[in-house]
Amino acid sequence: MAAEHIYDLIIVGAGPAGLTAGIYAGRATLDTLILEADTVGGQVTTTSTVYNYPGNAAIDGTKLMNQMQQQTADFGVKIQKDDIVKFDLDGDVKKLTGKSGTVYQTRSIILAMGASPRKVGFPGEAEFRGRGIAYCSTCDGELFSGLQVFVVGGGYSAAEEADYLTRFAKHVTVLVRGDHFKCAPLTASRALDNPKVSVMYHTEVKRVDGDQYLNSLTMVNNQTGEETVYHVDDGDQTFGVFIYVGTQPATEQLKGIVDLDERGYIHVDQNGATDLPGVYAAGDVIVKQLRQIITAAADGAVAATSAEKYVTEQKQRLGIPVHVKKEVPKAATVGQTSKVESTQPAHHTGDWFTPDLVAQMQAVFGKLTKDVTLQLLDDDTELSQEMDSFIGEMVKLSDHLKLQKTTAPDSLVYTPQLRLVVDGTDTGLHYAGVPTGHELTSLILGIYNVGGPGQSVEPALAERIKKLPSTDIKIGVSLTCHFCPDVVAACQRMASLNPRITATMIDLQHFPALRKERQIMSVPATIINDGPVIFGSQSLEELVAAAEKATE
């Protein structure tokens, strides 16, 4: 059923283009909604360090996007999670149908869905994804500690991520199809000047092979036709192939609706306008020469300014008052797309939270209506001491939070472990390892979901969750993975609604036995009732469907 509310502007996508458009639209007091199907921040959150964004000599990609997200929220623009599956872009009021079933109405729209990593297509690429083939260094890099790594690509991302991967790999080899890097010399030098990086030009991947893990890589020189085969080093279980060969625009649903080029990118004019009135596009989805964060932000600013003019003229034509919203004060928000950022290192025993982070958490904990006991199942290890320190510092932030320590039973495999307990009952929300880094987000949301109003869940989906039988979910994570918290939070939201469900976050850095047993070389890695590993980002609806299938 279509909602009666008509927005001035809906932005589809919350990457740099969408967030910047939201900032400009919010500042112009347009009634604006941003819809994001996946992770707020888009591809930038897969970047270890951004070196070329003005005003920041070097900044973590996720941190930069968190700052943009907060600035967008400061202007009263809401970000909502939904995947648009149908676009009706004709007329004064456009309609967008989400995967959730919601129909959104808007006077103007900015298409800023971004792009996803492009696949090369060589034999074995799909088969070994998550078992040696990877596309995100910040998510999966640490899983290749001490191993040989190959990087496929010759652009900005390939050069920067090859340099980043040397933090973990014993050596990185870059396979460049051409005779040079197709990026600025300073960027290329990050790889070329690193003693742990070597480069093979005119080289392409012919195929990869293996058993449970990747164990061989066949390369071919595209000038001479000579083939080279790399076999996994003696003593190593596997090696990594990280792929950075460009992106594929997320415009499949727009074919035949707006004007696209032969590769699927959207044609726009100098004002960001498509061939349809009131429809604009920005960022990596449009036809342009340079796809960088700064150009995406510029696209978003241009498109939002154009949309403001279009909406104002439409309202004047239709005799509709041009409503001006009041600016909202800055405040921390809680929702499916919110992030609580932690810049603290993962291995220490004190001062876990910065003053800014404390303020964000207290804003969330101020919404708690129940006492939540953070129960530590102690195994008398160094990691257990770290967890004790972490929990002890957190419970000081709210009278609703309590610390309880108990000895972990011998039968428990993943210890030490943190469990959330309410009214003496285990809620099923478990954390094996210290949930800091990006995983602090999932812990904060977990506490909010069991001790406060909780994140909203579509009623029909909530009923499906409540009907699930006994279900055990394990989520293998890396604390540097930006996709992992959304999956952990979704699984634990299921546990918070159904006492028969347990959802355990497992830091694979501390529990390598699980990684070895289940051949996990990519995160997030979700395991339902000890079934097959589900790799990659999954929505709540997808996880519920997977749980239903696993418990049939």
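Predicted model: local features only at pLDDT ≥ 70, side-chain atom pairs only at ≥ 80, totals over all residues.
## Charged pairs

Side chains of opposite charge can pair when their charged atoms come close. Here the count comes to 17 salt bridges.

Take Lys-206, which forms a salt bridge with Glu-227, with the closest N and O atoms 2.3 Å apart. This one links distant parts of the chain: Lys-206 sits in strand 12 (residues 203-210) and Glu-227 in strand 14 (residues 227-231), 21 residues apart. Lys-206 is partly exposed, at 41% relative accessible area, and Glu-227 is partly exposed at 41% too.

## Buried or exposed?

Now try Lys-288 and Asp-299, whose side chains meet in a salt bridge at 2.6 Å, N to O. Lys-288 lies in the loop between strand 17 (279-281) and helix 6 (293-318), while Asp-299 is in helix 6, so the pair ties together parts that are 11 residues apart in sequence. Lys-288 has a relative accessible area of 17%, so it counts as buried, and Asp-299 is buried at 17% as well.

Lys-255 and Glu-252 also meet in a salt bridge, at 3.3 Å from N to O. Lys-255 is exposed, at 53%, and Glu-252 is exposed, at 57%.

## The nonpolar cores

The largest nonpolar core has 92 residues, and those with the most contacts inside it include Val-151, Phe-353 and Met-494. Helix 11 (residues 484-497) gives the most to this core: seven residues.

Zoom in on Met-494 and you'll find that it touches Ile-465, Leu-540 and Ala-547, among others. Apart from this core lies another one, of 32 residues, including Leu-9 and Tyr-280.

Notes: Residues numbered from 1 in each chain as written. Heavy atoms only, no water. Core = buried A, V, L, I, M, F, W, Y, C linked by side-chain atoms within 4.5 Å. Buried < 20%, exposed > 50% of the residue type's maximum accessible area, 1.4 Å probe, protein only. Helix = DSSP H or I, 4+ residues; strand = E, 2+ residues; numbered from the N terminus. Contact = heavy atoms within 4.5 Å. Salt bridge = Lys/Arg side-chain N within 4 Å of Asp/Glu carboxyl O. Lists of a residue's contacts leave out its neighbours within four places in sequence.
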